[in-house]
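Thanks for coming. I will take the salt bridges first, then the core, and end with the aromatic rings.

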Amino acid sequence: MARLNINRGTTYSITFNYLVNGVATTLVGSTVRFTMKTAEYSTSTTDADASVLKNVTSGTSGGVATITLNPSDTATLSPGKYYYDIKVDVASDGVTVYKCDEGTITLDASPTNRLA
């Protein structure tokens, strides 16, 4: 379980390496899903209660994808503790999905709030 610290309203990138049994595995045709919520558990099957949702479909044949949180993704969120996970939807169809990482995010405040 990872613990990430992110400053609210800034760019934050996560380089994700997809491994199956320790071997880098293609992400071509897959969707990497990043979800960040205020609670670790919810009943929403659509993640409608998520604070941040990211779907990455540009993973490489070497199993690498970059998840980028843009300043606008967190600029209006309250500082505090959030929960996240990263899942790989192998064929982007919701049939075969693996949770590959999970953890907490501490969203820090800062004096600068404007984005432009």
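**Salt bridges, core and rings**

K37 is buried, with a relative accessible area of 10%; buried means under 20% relative accessible area, exposed over 50%, and partly exposed in between, with a 1.4 Å probe and protein chains only.

Before I go on, a note on the source. This is a predicted model, where local features need pLDDT of at least 70 and side-chain atom pairs count only at pLDDT 80 or more, while totals for chains, interfaces and linings use all residues. Residues are numbered from 1 along each chain as its sequence is written, and side-chain values use heavy atoms, with hydrogens and water left out.

Back to K37. Its side chain meets that of D49 in a salt bridge, 3.2 Å from N to O; the term stands for a side-chain nitrogen of Lys or Arg within 4 Å of a carboxyl oxygen of Asp or Glu. K37 lies in strand β5 and D49 in the loop between β5 and β6, so this pair ties together parts that are 12 residues apart in sequence. Strands here are DSSP runs of E, at least two residues long, and helices are runs of H or I of at least four, numbered from the N terminus. D49 is partly exposed, at 37% relative accessible area.

How many salt bridges does the structure hold? There are 5. Another one joins the side chains of R33 and D89, at 2.8 Å from N to O. R33 is in strand β5 and D89 in strand β8, so that bridge connects parts 56 residues apart in sequence. R33 counts as partly exposed at 29% relative accessibility, whereas D89 is buried at 1%.

K99 and E102 also form a salt bridge through their side chains, 3.0 Å from N to O.

Now the core. The largest nonpolar core has 21 residues, and those with the most contacts inside it are F16, V32, F34, I67, I86 and I105. Such a core is a set of buried Ala, Val, Leu, Ile, Met, Phe, Trp, Tyr and Cys residues joined through side-chain atoms within 4.5 Å. At least two of its residues come from each of β1 (2-7), β2 (12-17), β5 (31-37), β6 (52-56), β7 (64-69), β8 (80-89) and β9 (97-108). Which strand gives the most? That is β8, with 4 residues.

Take I86 from that list. Apart from neighbours within four places in sequence, I86 is in contact (heavy atoms within 4.5 Å) with residues including I14, F16, V32, R33, F34 and I67. Y98, K99, C100 and D101 are also among the contacts of I86.

Last, the rings. The structure holds 2 aromatic pairs. The rings of F16 and Y18 have centres 6.4 Å apart and planes at 25°, so they are stacked. Rings of Phe, Tyr and Trp (its six-membered ring) pair if their centres lie within 6.5 Å; planes under 30 degrees apart count as stacked, over 60 as edge-to-face, and the rest as tilted. Both F16 and Y18 are buried.

The rings of F34 and Y84 have centres 5.8 Å apart and planes at 25°, so this pair is stacked too. It links distant parts of the chain, with F34 in strand β5 and Y84 in strand β8, 50 residues apart. F34 is buried at 1% relative accessible area, and Y84 is buried at 4%.
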